[in-house]
Amino acid sequence: MRALVCHGYGTGENLALEQRPVPEAGQGEIRVKVLACGANASDWEFITGRPAYARIARLFMRGRNVFGSDVVGIVDKLGAGVSGFEPGQRVLADTFEIFGGFADHAVAKAGLWVPVPDGISDVDAAALPQSGAIAMDGIARRVRPGMKVLINGGGGGSGPLAIQLAKAGGAQVWAVDTAGKAGVMAEAGADHLIDFETEDFARGAERFDLVLDLWGTRPVRAVRRVLAPGGRYMLVGAPMARLLGIAVWGGLTSLVSSRKVGLLMVRQGPKHLPALLDMVKTHRLKPRVGEVATLDDAAEALKRMGARKIAGKLVIVP
């Protein structure tokens, strides 16, 4: 089979499309013929080794060097002991920690897979697992009618989903990203658009009840300043020093203030997938896919994603 293999660290030149043996489905596992795989910021972090935690994480990957974890596929082999699935069935999984989605076939534990309903495209389904989990944990569980919500990094994979969930919860939404991503944020329903290259949201007069920060571009003092009394700031990804600053100083200041600052710890896996798929099927949620690339073009597409030149989600297909 073909697989996009990552050799060491780099900025895309370290990726090569190679032939690999088709993996076998072991005890309790399902093998799929991959139909589509969503690309995430974490994939680019593992490829580049930046931030530093990406290099630390790869030390525990036991040589895994084919990334991609938002996998849609057709079941083509069941491992021993697997029930509830059948060959030919279309399924979706978040295979984070296992990966292997940027290939023709992928294998993961049966408990990670969920059926994909008819009426949802392979590409839309592949845009959901990691991005949807961030949006669900960061926004859907916390938003209330009348809230002012800011989403920093609103034009990538997670951002448009988070915007839609915030609007569905009755919030007024500010979305921050490059001017080139304004269209996708507006389509998702953002009320106010901020180009971070020309305007610093942390210096503005507005105060927010909830800030979901997908990029971590501001220190603790700056993000606390934009919170309304009782407001909450949650960071998803950032350079190592910023993550530590938010975790330590944000935690300490939150003990003595009604303004809460901390990290959003997203649990990967199948937990949110049925609800996300149902929202897409019933037209309550629409993934914004900015580019679909084949495995042949995947390395260049990932480089564009890493340079923040893709508005919306990147999805790789065989």
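A salt bridge is a side-chain nitrogen of Lys or Arg within 4 Å of a carboxyl oxygen of Asp or Glu. The views below come from a predicted model.

**View 1. A network of salt bridges joins Glu 24, Arg 31, Asp 76 and Lys 77.** In this view, the side chains of Glu 24, Arg 31, Asp 76 and Lys 77 are linked to one another as a network. A search of the whole structure finds 15 salt bridges.

**View 2. Asp 104 and Arg 2 meet in a salt bridge.** The N to O distance between the two side chains is 3.1 Å. Arg 2 is in strand 1 (residues 2-6), and Asp 104 is in the loop between strand 5 (90-94) and strand 6 (105-109). The pair links distant parts of the chain, 102 residues apart. Asp 104 has a relative accessibility of 12% and counts as buried, because the cut-off for buried is under 20%. Arg 2, with a relative accessible area of 23%, is partly exposed.

**View 3. Arg 2 also forms a salt bridge with Asp 296.** Here the closest N and O atoms are 3.7 Å apart. Asp 296 is in the loop between strand 14 (289-294) and helix 10 (298-306), while Arg 2 is in strand 1. The two residues are 294 residues apart, and their pair links distant parts of the chain. Asp 296 counts as exposed, at 55% relative accessibility. Arg 2 is partly exposed.

**View 4. Lys 167 forms a salt bridge with Asp 191.** The closest N and O atoms of this pair are 3.0 Å apart. Lys 167 counts as partly exposed, at 31% relative accessibility. Asp 191 also counts as partly exposed, at 36%.

**View 5. Ile 56, Leu 59 and Phe 60 form a nonpolar patch on the surface.** Together the three residues have about 370 Å² of accessible area. One of them, Leu 59, is in helix 2 (residues 52-59). Leu 59 has a relative accessible area of 68% and is exposed, because the cut-off for exposed is over 50%.

Notes
Residues numbered from 1 in each chain as written. Predicted model: local features only at pLDDT ≥ 70, side-chain atom pairs only at ≥ 80, totals over all residues. Heavy atoms only, no water. Patch = residues over 30% accessible without salt bridge, like charges linked within 9 Å, V, L, I, M, F, W, Y side chains within 5 Å. Areas by Shrake-Rupley, 256 points an atom, 1.4 Å probe, with all protein chains shown as cover. Helix = DSSP H or I, 4+ residues; strand = E, 2+ residues; numbered from the N terminus. Buried < 20%, exposed > 50% of the residue type's maximum accessible area, 1.4 Å probe, protein only.
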